[in-house]
Amino acid sequence: MCGIAGAVDLVGRPIPDLDRRLAAMNELQKHRGPDGHAIWLAGDRRAGLAHRRLSIIGLDESGIQPLRNDDDRLVFNGEIYNYLELQRDLGRDRFRTTTDSEVILHGYRDHGPGVVDALRGMFAFALWDGRRRRLVCGRDRFGIKPFYYTIVDGVFMFASEAKALLPFLPSVEVDPEALADYTTFQFCLGGKTLFAGVQELPPAHLLIVEDGRVRVERYWEVYYGRDFDHSAHHFEDGVRRLLDESIDLHLRSDVPVGAYVSGGIDSSLVAALARPKYGGGRLLGFTGKFAIGDEFDESKYARAVADRQGFDLYERDIGVEDFLENIRKVIYHLDYPVAGPGSFPQYMVSQLAAEHRKVVLGGQGGDETFGGYARYLLAYFEQCIKGAIEGTLHAGNFVVTYESIIPNLRILERYKPLIRTFWSDGLFGPMDERYFRLINRAPAAGAELRLPDMAYSPRDAFFELFNAENVAEGSYFDAMSHFDFKTLLPALLHVEDRMSMAHGLEARVPLLDHPLIEFAATIPADIKFRNGELKRLLRTVAVDVLPAEVVAREDKMGFPVPLTRWMRSDARDFFNDVFRTGAIRDRPYVDNAAVAGMLDGEQSFGRTVWGYLCLELWYQEFVDRAADFRKIVETAPEQPVVA
């Protein structure tokens with residue numbers, strides 16, 4: 001786990017001040033690698049690489065990056081969990097280090113860019129091929145590790161975090177299409193970022209810089225080819241076997257490992273399965289809570305898991321003072337806001353975990369892969385009502401029936417505001433239209449939002465993804481979960497990476513192992529989502545290792561934050577100051593004075609004000625301070641240079 005950066009001139013010219021550019025990028029990413037840093041410069045200075053090191057596998061100095069293999073140079077961020085198997089296949093006598101990174105160098109020499117097909121893990125890398133004079137970059141299949149790039153004055157530059165590219169942009173401005181995405185979904189689509197001119201390499205893609213051109217191509221996709229030939233028992237056994245295998249690999253580390261334990265199925269199951277496998281001493285668990293009522297405190301479930309499995313659990317009490325002290329730091333480390341308020345408690349729990357461990361396991365991916373979002377249940381409930389009225393319920397390809405879904409509707413108790421909004425504009429439309437209505441956050445936006453006229457439509461982009469060819473035709477469940485897998489999941493992984501790396505902590509996600517994901521994609525929806533039971537397969541797998549009260553939970557909220565309480569009480573002055581100060585500056589796209597008027601009307605667990613708060617703080621931190629980022633090129637400390 002590290003930070004990487006680099007630059008390549010597209011027409012082969014020496015890059016002015018290349019060492020200073022690399023030093024600035026390394027300085028802006030120093031939190032990602034407290035264990036070392038170095039740069040490499042090509043002899044003709046048309047290319048250079050930079051690296052910040054967090055030592056996890058291969059702790060000695062032989063692992064200092066950029067790594068070298070003849071004319072090739074590599075910077076790498078992440079972990080290749082099957083590196084021991086790859087070392088064996090490639091020939092162990094070729095290896096000069098004990099790191100997992102080196103398998104990319106030798107694998108590239110044998111297989112070229114196709115080396116990515118053999119990698120099992122989380123990664124973002126850039127490899128300078130000195131013989132072909134090309135840069136080959138790759139990102140893991142799910143977007144666990146980040147990769148950003150820009151082109152300025154004919155120079156291609158990349159980094160692990162977007163902020164490291166800001167000193168080189170002609171100006172720091174908002175991308176209006178990305179802003180349209182953000183105000184619709186609270187994340188961006190298609191590799192866009194809120195920074196105009198800065199792109200994100202999509203998950204499962206390669207980027208190759210060669211002969212003055214930048215080429216981006218996909219190397220992996222998940223296909224939902226449903227297997228109707230096997231029983232539920234077959235799929236349950238397969239999920240357990242592949243999850244066990246993934247956790248075995250994710251425990252490979254030369255430093256102690258811990259685990260996030262939220263009290264929900266996903267993180268609890270990962271921790272419970274990891275505990276007896278962990279041979280590096282006593283597994284530690286980490287959780288957080290807001291001690292202002294049961295609806296914001298799930299720690300009793302985390303403690304039940306720790307007691308059942310016999311590991312120590314460290315808890316962090318989080319209060320409004322923590323919010324006021326750290327929310328600007330959260331936005332800075334995010335680079336730009338994504339997803340919901342969970343980034344703030346994630347930052348706090350990561351801070352706690354980093355005091356005791358350098359590696360933690362987490363549960364990201366379970367909701368999108370196995371069906372954990374309450375909106376899936378609501379969407380199917382609407383279809384069941386439609387089928388019951390039309391008399392087609394038992395004749396069609398329905399995953400659940402009206403009768404069978406009723407017992408599981410209790411889960412929707414906390415989602416009454418969502419249900420009112422969802423059904424406020426009608427019922428029974430096409431499935432893609434209805435799901436867009438469920439996830440669209442734009443209806444809450446009114447006169448306070450002033451987006452420019454543009455040809456781009458987030459709605460059209462949604463329909464293209466929702467109706468993708470790789471999704472099994474006719475499966476509403478697969479279409480919904482696939483959209484979330486492709487869009488929301490990378491946004492949540494963005495949060496996972498930034499909030500952990502802000503504290504020099506590596507977060508691993510065993511539920512996102514591609515053999516497990518490929519297998520899960522073959523499971524028919526009527527097995528994954530039988531009777532509307534959320535995450536039914538994971539619950540079945542968890543029965544033998546988790547407390548019954550955790551397996552049977554129907555009230556998991558995903559780290560709810562008491563934001564609406566705070567904005568009307570202890571944090572009222574902060575919210576007023578943020579929005580009214582911002583309004584003085586006359587922001588081009590948002591009327592902050594109008595947003596300030598929404599504080600009293602925001603619903604519990606609403607995210608409209610949160611979205612605008614993050615946007616304004618982002619504007620203050622990055623757009624207003626653009627000149628400060630440019631100064632870093634002159635003030636960054638010199639970097640050691642490797643051959």
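This is a predicted model: local features need pLDDT of at least 70, side-chain atom pairs count only at pLDDT 80 or more; totals for chains, interfaces and linings use all residues.
An open sheet of 6 strands shows antiparallel pairing, and its strands follow the order β2-β3-β1-β9-β8-β10. Its edges are formed by β2 and by β10 (199-200), each of which pairs on one side only. Within this sheet, strand β8 (residues 148-152) is paired with strand β9 (residues 155-159) in the antiparallel sense, over 5 bridges. At one point of this pairing, I151 has F156 in β9 as its bridge partner. Helix α1 packs on the sheet and touches β1 (2-9), β2, β3 (47-53) and β9. The direction of α1 makes about 150° with that of β2.

An open sheet of 5 strands has parallel pairing, with the order β15-β14-β13-β16-β17. The edge strands, which pair on one side only, are β15 (312-317) and β17 (506-508). From one strand to the next, the twist averages 30°. Strand β16 (residues 359-361) runs parallel to β17 and is joined to it by 3 bridges. V359 has E506 in β17 as its bridge partner. Helix α9 (residues 343-354) packs on this sheet, with contacts to β13 (257-260), β14 (284-289), β15 and β16. Between the direction of α9 and that of β14 the angle is about 145°.

A further antiparallel pairing joins strand β11 (residues 205-210) and strand β12 (residues 213-218) over 6 bridges. These two strands form a hairpin with 2 residues between them. E210 stands opposite R213 of β12. In the turn, D211 has a positive phi of about 55°.

Two features of the backbone were found in loops. The peptide bond that joins Q65 and P66 is cis, with an omega of about 5°. P66 is placed in the loop between β3 and β4 (67-69). D335, although not a glycine, has a positive phi of about 75°. This residue lies in the loop between α8 (320-334) and α9, the helix that packs on the sheet with contacts to β13, β14, β15 and β16.

Empty space within the model was considered next. Rolling a probe the size of a water molecule over the atoms shows where such space is left. A search of the whole structure gives 5 cavities of 30 Å³ or more. The largest cavity has a volume of about 120 Å³. It is lined by 16 residues, of which C2, L54, I57, D100 and S101 are the closest to its centre. Strand β5 (residues 72-80) gives the most to this lining, contributing 3 residues. By class, the lining of the largest cavity comprises 6 nonpolar, 7 polar and 3 charged residues.

The second largest cavity holds about 100 Å³ of space. Helix α25 (residues 608-623) gives the most to its lining, with 5 residues. Among the lining residues are V174, L179, R587, P588 and W618. The classes represented in the lining of the second largest cavity are 9 nonpolar, 1 polar and 2 charged residues.

Open spaces were also identified, among them the second largest pocket, with a volume of about 710 Å³. Of its 32 lining residues, G190, P202, L465, K486 and T487 are the closest to the centre. At least two residues of the lining are supplied by each of the helices α15 (458-466), α16 (476-486) and α17 (488-501). The lining of the second largest pocket divides by class into 17 nonpolar, 7 polar and 8 charged residues.

Notes
Residues are numbered from 1 along each chain as its sequence is written. Side-chain values use heavy atoms; hydrogens and water are left out. On a 1 Å grid over the protein atoms alone, a cavity is a set of points where a 1.4 Å probe fits but cannot get out, and a pocket is an open set with protein on both sides within 12 Å along at least five of seven lines; lining residues have an atom within 4 Å of a point. Grid points are joined across faces, edges and corners, and a volume is the space filled by probe spheres set on the points. Helices (H or I, at least four residues) and strands (E, at least two) are DSSP runs, numbered from the N terminus. Ala, Val, Leu, Ile, Met, Phe, Trp, Tyr, Cys and Pro count as nonpolar, Asp, Glu, Lys and Arg as charged, and the others, Gly among them, as polar. Two strands pair if DSSP finds at least two bridges between them. Axes are lines fitted to C-alpha atoms, for helices over the stretch in contact, and angles run from 0 to 180 degrees between N-to-C directions. Contact means heavy atoms within 4.5 Å.
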